[in-house]
Amino acid sequence: MDSNITKAVIKAATAAKADKNAEDYYKDGVLVCGKCHTNKEKKIQLAGEYVTVRCICKCESEERERIQKQKDYEEEMRRIERLKVASLMDAKLKSATLKTFTQKEDNQKLYTIVKNYVDNFETFYKSNRGLLFWGTVGTGKSYAAACIANELLNRKTPVVMTSFVKVLQVIQDNTENETEFVNRLCAARLLIIDDLGTERNTDYALEKVYNVIDSRYRTGKPLILTTNLNLQDMQMTQDIRYQRIYDRIFEMCHPVMVNGTSWRINQAKERFNETKRLLES
């Protein structure tokens, strides 16, 4: 190596001195941290000479690691929030999680199914297995599906939860290119569609519903649906337009009956009783 280059390298290495705090001290000619008592400097051999260079003591290394973990955590929280914003979930369902799931005698099985689906999602994802929550109005189907969505979003799994009513509105309003919009739905690791059957039953609407479900099927990714439709009626329909939709659904989704007392009726009773108490007491 050229002598001038060697001198420049040594000078640069020597110039990188550690910051000395009041409690720091020297031992064997190198600076030692007064807090953790590990070296802030060390001697290395460079071009036949020993030079003193800066190094990181234990407490500085731990502080850097703490700061990096905090940055990683904050970025993770931003990423989760971006995933939630990207989903088309109703605002009232965005806070639904297993912790907020009100467990009662008639929904213990549903809670177990939701928890097990979340905990074993990778297995279900690889085998393209989804769920079909079906049953009467107000029994918690949408809430159960939203719990799955938010639990997975909190684990940084991309999920989109929407409804066919919203999907059809986007397509009809031409707010997005239809192909790109459907591709975006299918890009999520899990697609959840709420309230199957509430969309209009025109040929146009049913064709769009089939296209979304079929596109999801072809990507080999799981789908979760909720519906107030009766399972037997879905299985026995003679209408070819519905048959091909339901056949695809049953290929992809395991049916789960959600029954029990209507949450909406119970909540209405509770609000009525609370209002009556406040007014009459």
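Predicted model: local features only at pLDDT ≥ 70, side-chain atom pairs only at ≥ 80, totals over all residues.
## Strand 7 and its partners

Strand 7 pairs with strand 6 (residues 159–163). The pairing is parallel and has five bridges. Within it, S163 has D194 of strand 7 as its bridge partner.

Strand 7 also pairs with strand 8 (residues 223–227). This pairing is parallel too, over four bridges. Here I193 is bridged to L225 in strand 8. Helix 8 (residues 203–219) lies on the path of the chain from strand 7 to strand 8.

## Strand 5: covered on both faces

Strand 5 covers residues 130–134, and five of its five residues are buried. In a regular strand, side chains alternate between the two faces of the sheet. In strand 5, G130, L132 and W134 lie on one side. L131 and F133 lie on the other. Residues on both sides are buried, and both faces are covered.

Strand 5 pairs with two strands named here. Strand 8 is one partner, in the parallel sense, with four bridges. Strand 9 (residues 253–257) is another, also parallel, with five bridges. F133 takes part in both pairings: T226 stands opposite F133 in strand 8, and V256 is the bridge partner of F133 in strand 9.

## T97 in its loop

Where does T97 sit? T97 is in the loop between helix 2 (58–86) and helix 3 (108–119). Is T97 buried or exposed? Its relative accessible area is 15%, so T97 counts as buried, the cut-off being under 20%.

Which residues does T97 touch, leaving aside neighbours within four places in sequence? The contacts are Y143, C147, N150, E151 and N154.

## Helices 6 and 7

Two packed helices are described by the angle and the distance between their axes. Helix 6 (residues 164–173) and helix 7 (residues 178–187) have axes that come within 9 Å. The axes cross at roughly 155 degrees. Angles over 145 degrees count as roughly antiparallel, so helix 6 and helix 7 are roughly antiparallel to each other.

The contact involves V167, V170 and I171 from helix 6. From helix 7 come E178, F181 and L185. By class, the contact holds five nonpolar residues, one charged residue and no polar residues.

How values were computed
Residues numbered from 1 in each chain as written. Heavy atoms only, no water. Pairing = 2+ DSSP bridges. Right-handed = clockwise from strand over helix to strand, strands pointing away. Buried < 20%, exposed > 50% of the residue type's maximum accessible area, 1.4 Å probe, protein only. Contact = heavy atoms within 4.5 Å. Axes fitted to C-alpha atoms, helices over the stretch in contact; angles between N-to-C directions. Parallel < 35°, antiparallel > 145°, perpendicular 65-115°, else oblique. Nonpolar A, V, L, I, M, F, W, Y, C, P; charged D, E, K, R; others polar.
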